[in-house]
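Here is a short briefing on a predicted model.

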Amino acid sequence: MNKPGFPRAQGLYDPRHEHDACGIGFVANIKNRKSHAIIRQGLKILVNLDHRGAIGADPLAGDGAGILIQLPDGLLRAETRALGFGLPDPGDYGVGMIFLPQGGEKRAKCEKHLARLIRKEGQKVLGWRDVPRDNSFLGESVKPIEPTIRQVFIERGENCADTDAFERKLIVIRKRAHRAIRKRDLDDQALFYIPSMSARTIVYKGMVLAPNLERYYGDLDDERMESALALAHQRFSTNTFPSWELAQPFRFLCHNGEINTLRGN
């Protein structure tokens, strides 16, 4: 029997599977066909997850929103070519989405340390790209803590036999960078965080309202950006404070639950 108000069972949809899922959405092409339409659908899901708890007294300040997609090779290849460097075949390069301090010596120190770690792990830094943003869509209370956001492009080294090995190496680099830069080299006020570092996926997220995510990140509105999947999440902070790094989704997933600290669990 169909539930009142729900469509009839069709394709992969069955109304018996309806359940609550606060803030999480996922859309994919099961044949792995990439398109900009998938990203648009993911952003639409994100907007439809509106929730009064995700907005503070500042009308443009949210608890955070984001989207995880496959690496948009077409866009990135064109953009890096314009910057003066090329990219290897898909799977042979990775992209790190990096939150950095707002200019100055600390930002330069972060970038230098990260580049050194990449080389130390046997990989090659191809170049950097400034991520296009429009912070007029950020709340006034958020702008002072807005990070500089850049992408670092990394070529697979000879010590990685394939993309799987390369992906594991990128995890090692990310973890080493966090440990070295966040815990030793910078004070507590300096923002350094890596939302994603992968040869397969990338995360665009921040302390921005869900309807404004694509306005803040110009890439998301670019027709050249294509993916076969989109994982979207709008964060609703309850007993934790909002922050740029805690905006979801995380590097591999998003979760719906009060999983706040390792010690708490």
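Cys 160 is buried, at 2% relative accessibility. Cys 110 is buried too, with a relative accessible area of 1%. The disulfide count for this predicted model is 0.

**Strands**
- Strand S3 (residues 93–100) runs antiparallel to S6, joined by 4 bridges.
- In this pairing, Met 97 sits opposite Ser 196 of S6.

**Salt bridges**
- The whole structure holds 16 salt bridges.
- One of them pairs Glu 79 with Arg 224, with the closest N and O atoms 2.9 Å apart.
- Glu 79 belongs to helix H2 and Arg 224 to the loop between helix H5 and strand S8, so this pair ties together parts 145 residues apart in sequence.
- Glu 79 is partly exposed at 24%, and Arg 224 is partly exposed at 36%.
- Arg 150 bridges to Glu 111, again with closest N and O atoms 2.9 Å apart.
- Arg 150 lies in strand S5 and Glu 111 in helix H3, so the pair connects parts 39 residues apart in sequence.
- Both ends are buried: Arg 150 at 12%, Glu 111 at 14%.
- Glu 121 pairs with Arg 176, the closest N and O atoms being 2.7 Å apart.
- Glu 121 is in the loop between H3 and strand S4, and Arg 176 is in helix H4, 55 residues apart.
- Glu 121 is buried at 12%, whereas Arg 176 is partly exposed at 29%.

Key: Residues are numbered from 1 along each chain as its sequence is written. This is a predicted model: local features need pLDDT of at least 70, side-chain atom pairs count only at pLDDT 80 or more; totals for chains, interfaces and linings use all residues. Side-chain values use heavy atoms; hydrogens and water are left out. Two strands pair if DSSP finds at least two bridges between them. Helices (H or I, at least four residues) and strands (E, at least two) are DSSP runs, numbered from the N terminus. A disulfide is a pair of cysteine sulfur atoms within 2.5 Å. Buried means under 20% relative accessible area, exposed over 50%, partly exposed in between (1.4 Å probe, protein chains only). A salt bridge is a side-chain nitrogen of Lys or Arg within 4 Å of a carboxyl oxygen of Asp or Glu.
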